[in-house]
Amino acid sequence: ILFLIGLTVRHNVKLEKLVKLRTANLTLTNQSLQHEISERLSAEESLETSERLYRNAIEVADAVPYFRNYHPNRYDFVGDGIEALTGYSRDEFTPERWESMVQEVVLIGEFAHLSLEEAIHRARSATGENWRADFLVNTRKGNKRWIANSAVEVKDDQGQVTGSLGIMQDITE
């Protein structure tokens, strides 16, 4: 019986040491995780601040940022100023609406010598290019406005153009 009690005590001591070791490792792991979470939260906060400042800077310039997704053909994001610019709310402003508003297009830069169809094809090709154009549009109220549009084509992980990220600004004056 004494032998069994001694064995049990030694086994319990070993188990206690093992529990202490694992607890210490868990404490280190928890500290590591807490540090990583803290760093990630700080990075997210910095990114949110940067995005807010960028968005504010664009809106102060009376520009309207947007992201147009080509597949499906829709605006995933349009800035707050779209209604003041076109007369249409964010929900009403679609690629089809935009195309129906356009009366004239003046391509700028290296696309200036191309037709609109060629410029669109070239911008949306696998090479994907930045482009600029001025559009004469009819607003909801029937007013004519010139809108400058600057965009960069956005690619997926395979290098295929999936949409455009751009800024529209009233240049009528």
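## The sheet

Six strands make up an open sheet, ordered β2-β1-β6-β5-β4-β3, with antiparallel pairing. At its edges lie β2 (73-78) and β3 (102-108), each of which pairs on one side only. Direction ignored, neighbouring strands are turned by 30° against each other on average. The model is predicted.

Strands of a sheet pair through backbone hydrogen bonds, in either a parallel or an antiparallel manner.

## Strand β1 and its partners

Strand β1 covers residues 63-70 and β6 covers residues 161-170. Seven bridges join the two, and they run antiparallel. Across this pairing, Arg-68 stands opposite Ser-164 of β6.

β1 also pairs with β2, in the antiparallel sense, over five bridges. Here Asn-69 faces Arg-74 of β2 as its opposite residue. β1 and β2 form a hairpin, with two residues between them.

## Helix α4 on the sheet

Helix α4 spans residues 116-123. It lies across β3, β4 (130-138), β5 (144-155) and β6. Relative to β3, helix α4 runs at about 60°.

## A nonpolar surface patch

Leu-15, Leu-18 and Leu-21 form a nonpolar patch on the surface. Together these residues have about 250 Å² of accessible area. Leu-18 sits in helix α1, which runs through residues 2-60.

Is Leu-18 buried, exposed or partly exposed? Leu-18 has a relative accessible area of 38%, so it counts as partly exposed. The limits are under 20% for buried and over 50% for exposed. Patch residues need over 30% relative accessible area, and Leu-18 has 38%.

Methods. Residues are numbered from 1 along each chain as its sequence is written. This is a predicted model: local features need pLDDT of at least 70, side-chain atom pairs count only at pLDDT 80 or more; totals for chains, interfaces and linings use all residues. Side-chain values use heavy atoms; hydrogens and water are left out. Patches are made of residues with over 30% relative accessible area and no salt bridge: like charges are joined within 9 Å, nonpolar side chains (Val, Leu, Ile, Met, Phe, Trp, Tyr) within 5 Å. Accessible areas come from the Shrake-Rupley method with a 1.4 Å probe; for residues, only the protein chains shown count as cover. A salt bridge is a side-chain nitrogen of Lys or Arg within 4 Å of a carboxyl oxygen of Asp or Glu. Helices (H or I, at least four residues) and strands (E, at least two) are DSSP runs, numbered from the N terminus. Buried means under 20% relative accessible area, exposed over 50%, partly exposed in between (1.4 Å probe, protein chains only). Two strands pair if DSSP finds at least two bridges between them. Axes are lines fitted to C-alpha atoms, for helices over the stretch in contact, and angles run from 0 to 180 degrees between N-to-C directions. Contact means heavy atoms within 4.5 Å.
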